[in-house]
Amino acid sequence: MNFAFSDEQEQLRDAVRKFLDAKSPEAEVRRLMETTEGYDPAVWTQMAQELGLQSLHIPEAHGGQGFSFVELGIVLEEMGRVLLCAPYFSTVCLAANAILNVGTDAQQGELLPGIAAGETIATLAFTEPNGKWDASGITMEAKGSGDATTLSGSKMFVIDGHTANTIVVVARQAGTSGEDGIGFYVVDADAKGLTRTPLATMDQTRKQARLDFDGVTATPLGDPGAGWPALSKTLDQAAVCLANEMVGGAQRVLDMSVEYAKVRVQFGRPIGSFQAIKHKCADMLLEVESGKSAAYYAAWAAAEDNEELPVVASLAKAYCSDAYFHAAAENIQIHGGIGFTWEHPAHLYFKRAKSSEILLGDATYHRELLAQRIGI
Amino acid sequence: MDFRDSPGEAAFRDEVRGWLAEHLTDEFAELGGRGGPADETAWETRVEWEKLLGKDRWLGMAWPEEYGGRAAGFTEQVIFNEEYAKANAPARLSLFGEGLFAPTLLAYGTDDQKRRFLPKIQAVEELWCQGYSEPGAGSDLANVQTKAVLDGEQWVVNGQKVWTTLAHRAQWCFCVTRTEPGSHGHHGLSYLLVPMDQPGVEVRPLRQMTGTAEFNEVFFSDARTDAHNVLGEVDDGWKVAMATLGFERGTAFLSQQLGFARELEDLITLAQKRGATADPIVRQELADSFVGVQIMKFNGMRMLTGLVRSGTLGPEASIGKLYWSTWHRQLGERGIRALGADGMELPTGPGYDLDEQHRIFLFSRAETIYAGSSEIQRNIIGERVLGLPREPREKRSNE
Ligand SMILES: Cc1cc2nc3c(=O)[nH]c(=O)nc-3n(C[C@H](O)[C@H](O)[C@H](O)COP(=O)(O)OP(=O)(O)OC[C@H]3O[C@@H](n4cnc5c(N)ncnc54)[C@H](O)[C@@H]3O)c2cc1C
Ligand SMILES: Cc1cc2nc3c(=O)[nH]c(=O)nc-3n(C[C@H](O)[C@H](O)[C@H](O)COP(=O)(O)OP(=O)(O)OC[C@H]3O[C@@H](n4cnc5c(N)ncnc54)[C@H](O)[C@@H]3O)c2cc1C
C-alpha cells in the first residue's frame, strides 16, 4: 500500500504549477472571463507543445503520452487552483474520454491525434434543457443510420460548445427510453443546421453554450444504440476529473483565508486568533484534506479502470462538491466586506465552486446514485 | 500510488488470517465484536482471548523483539487490525496498556522499566488506566493539582483523578502529578506509575449516560509508589504526557475504520429490513455516512504512508480524531432516525441494556470530548497545522 505521488508525478505538478502561475495569473483570468471565447489560443497551443497537457492520458498509438488519470488529476488540481480559463475539461475530460470509451480504433485514430496536438477543441453535448444528468435526460433522437444519420433538437449546458471544433453528441435511437438506445455521434462545429449560442454563465471562468440542431448530419461513433455503459463510464471519469479540479480550488481558498486571518487585525488581534475564525479554518482544512484523499483515490481507481470506479466517482464528486463550496463560502465570510467586492478573487472561486457542484450532478444527486450503486 | 498489498504485506496478511482462523473459535467466536466502549460483557472470556493474543505476540506486536514483540511496522499493525476487525474478533482490553502506555514507555522508559512492565502487559497480568483528568484539569491538563512528594525511597501521592476509564479493573495507573511544590502549568509535573491495589487508592465508579460505569473517580490519600516509578525526568513529565496523547490521537484511527464500516453495514441492513430505505432522506444520510467512512479509510491510508515515510505523525493527526468522532456521532443520530418511533424504546427490555443503535447513539457523545475535545482539536489544527495565531491566555485562578 502506498498513497503518495511518485517523484515524477510531483515534478509534473511543479512544472504545471510554474506554467500556470506564469500564464494564468488572476489578471489573465479576469481578462479571459470577460470574453465570449473564454480562453487564450496561444496559451492553449503552448499547453500542448511545451507541456503536452492535452495528450497526457491519450494512448501513444493515437498521438498521446499514455499517462493515467492520476497524472490527469494532478494537472486538473493545478488548473482548479488558478481557475484556468481554457477548454481543457471539455476537450480532454469529456470528449477525449468519450471517444476512448466508445470509438472504434479507426475513429480514435482519426479524432484523438488532433486533440493530443492541441489543434482540436472538442466537447461532449449530452445535457438538454431539462437539466437532467442521467439517461432519462437524453431525449434527442437520431434519425437514419450510418452516413445518413441526422440530429434534431437541443443540447444545453454544453461546456465550450461555442468554441469547440468537434462536438460529440449523445442522442438516442427513435422509440427507445432510459438506458436503451443511447448513441454517440460526431458533429462538425460548422455543420449545416447547427446553431450555437453562448450562455451567460454565473461562473464566467467556464463557458457554456446551447446547441440547436435542425437535421444536422452526424457520424455515429462506435455502436449507436449500445452507448449507455460508455456514457456512464465517461461521466464517472469526468466526475473524478472534476473532483480533482475542485480540490485544487478548495485548497487555494483555504490558503487565502488563512493568509488573511493572520494579518487582518480587529479588536487589537489578528482575526485568526478568534476561535470563530480559527475553527472555520480548521474545518475547512479537514474537508479539503478529506476531499483530496477522495479525489486522489478516485483518480487511481480511474487509472486502474477497476470495478470500484462507479462508487468512488460518485463518492468523490459528492464530497468534493460540498467541501469546495463550503470552503469558498467561508472564504468570503472570513474576508468580511472586502470578500464581497468584485475586485477580490473570492467570488470567482465561489462561483466556480457552485457551478462545479452542479455540473455532472450535485452532491444530492451523487449520493442517491451512490446509494443505488452500493445496493441501498 | 498503489493500494494493493505488496507481496510482503500479502504474506503477512495471510499469516494473520491463518492465526485468527485457527484461534477465533468456540466461545471466542461467539463473542463476535462484543465488548468495547460502554460494554463490559463477557469480561473473563475476553481476558482469556487477550492472553492468547499476548502469548503469540500479537499483543505487543509493535515492540522490539528484545521486549517480546515482533518489531512490526505501522503497515503490519494496520493489516493486523484490519484482519482482526474483518474476523469480528472481540474488542481489545489492553487499550491503555498496549495502546497508550507501552509506546510511551518504549520512548521514555529505562531498560529496567521496560523489562518490568512490558511482559506483564503482554501476559495480561497487569492492566493500566490513565490518570490525567481531574476536576479542575480537563482540556487544560496542565492545571493538574494531584501532588507527589518523595519520601525516602517512595513517592507519596495525594489528590483526585476523575473520568478514569477502567480504574476499577486496572492494576496500575500512569498518572500526571505535580512534583515541584508551587509550580504552575506544565512545569513541575512528573509522569508517575502508581499501583492501584493499595490502601491509599480508592476507586469510586461513576455511572455514564450509557447506564454503564466504565469510568471512575480515583482518590489518592498517601498512596505510595517506588521512587524509580517515574517515566522520563522528575518535574519534566509534561512532554511524556503529551507523547501519550499523541498516541491516543494518532494511531488508533488508522485501524478503527473497519469497525465503523461494519456498524454502518449493520445500520443499512436494519434500515432495509424496516423499509426505511424507501425514504429519500434516509437514503441520503446512509450514502453520506458511506462517503464519510470510505474517506476515513482514504485519509488513514494517506496518513499511514506519511507515517511510514517520516516515522512520526504530525499534528495533522488531529484531523483524524476530529473526523472520526464527528462521523461516529452522526452515525448514531442517523441510526436512531432510521428506527423511527422505535428509537424511543430499548429493544432489550428493562435493565437499561443497550442494543447497537442506542449504544452508538449514546456512547458517541463521549468521543468528541475525550482524547482532546473537538474544540481542542480545532485549536490544534488552527495553530499547529495552519499556523494561525494563538489566543491571548488569561492566567489561571491559582497562578
Ligand atoms: C454590502 C455591504 C454594504 C455595506 N454598507 C456599509 C455602509 O453603508 N456603511 C458602513 O459604514 N459600512 C458598510 N459596510 C461595511 C460592514 O459594516 C463591514 O464590512 C463589517 O462591519 C465587517 O467589517 P470588515 O469588512 O472590516 O470585516 P472584519 O471586521 O475585518 O471581519 C473579517 C472577519 O473576521 C470576523 N471577526 C471580526 N472580529 C471578530 C471577533 N471579535 N470575533 C470573531 N470574529 C470576528 C468577522 O466576522 C469576519 O468574518 C457594508 C458592507 C457590505 C458587505
Ligand atoms: C467516556 C470518557 C472516558 C474518559 N476516560 C478518561 C481516562 O481514562 N483518563 C483520563 O485522564 N481522562 C478521561 N476522560 C476525561 C477526558 O479526557 C476529559 O473529559 C476531557 O479532557 C475534557 O475535559 P473536561 O471533561 O473537564 O471538560 P472541559 O475541559 O471543562 O471542557 C468543557 C467544554 O469546554 C470546551 N473547552 C475547554 N477548553 C477550551 C478551549 N481552550 N477552547 C474552546 N473550548 C474549550 C471543551 O471542548 C468542552 O466542550 C474521559 C472522558 C470521557 C467522556
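A crossing of two helices is called left-handed if the near helix is turned anticlockwise from the far one by less than a right angle, and right-handed if it is turned clockwise. Keep that in mind for the first stop, and note that what is on screen is a predicted model, in which local features need pLDDT of at least 70 and side-chain atom pairs count only at pLDDT 80 or more, while totals for chains, interfaces and linings use all residues. Residues are numbered from 1 along each chain as its sequence is written, and chains are lettered from A and ligands numbered from 1 in the order in which they are written.

**A helix pair in chain A**

Select helix 9 (309–335) and helix 11 (363–373) of chain A; helices (H or I, at least four residues) and strands (E, at least two) are DSSP runs, numbered from the N terminus. Helix 9 of chain A passes helix 11 of chain A in a left-handed crossing. Their axes lie 8 Å apart at an angle of about 155°, where axes are lines fitted to C-alpha atoms, for helices over the stretch in contact, and angles run from 0 to 180 degrees between N-to-C directions. The two helices are therefore roughly antiparallel, a term for angles over 145 degrees. Among the residues making the contact are Pro310(A) and Val311(A) of helix 9 and His366(A) and Arg367(A) of helix 11; residues are in contact if their C-beta atoms, placed from the backbone, lie within 7 Å.

**The face towards chain B**

Now show both chains: 34 residues of chain A are in contact with 35 residues of chain B. On the chain A side, helices 7, 8, 9 and 11 each supply at least two residues, and helix 8 gives the most, with 12 residues. That side divides into 22 nonpolar, 7 polar and 5 charged residues, with Ala, Val, Leu, Ile, Met, Phe, Trp, Tyr, Cys and Pro counted as nonpolar, Asp, Glu, Lys and Arg as charged, and the others, Gly among them, as polar.

**The two ligands**

Select ligand 1 next, and the residues around it, including Arg264(A), Phe267(A) and Phe340(A), each with its C-beta atom, placed from the backbone, within 6 Å of the ligand. Helix 8 and helix 9 of chain A each supply at least two residues of this shell, which has 7 nonpolar, 4 polar and 1 charged residues.

Finish at ligand 2, which lies between chains A and B. Of the 19 residues around ligand 2, Tyr132(B), Gly138(B), Ser139(B), Thr165(B) and Ser373(B) come nearest.

Methods
Contact = placed C-beta atoms within 7 Å. Parallel < 35°, antiparallel > 145°, perpendicular 65-115°, else oblique.
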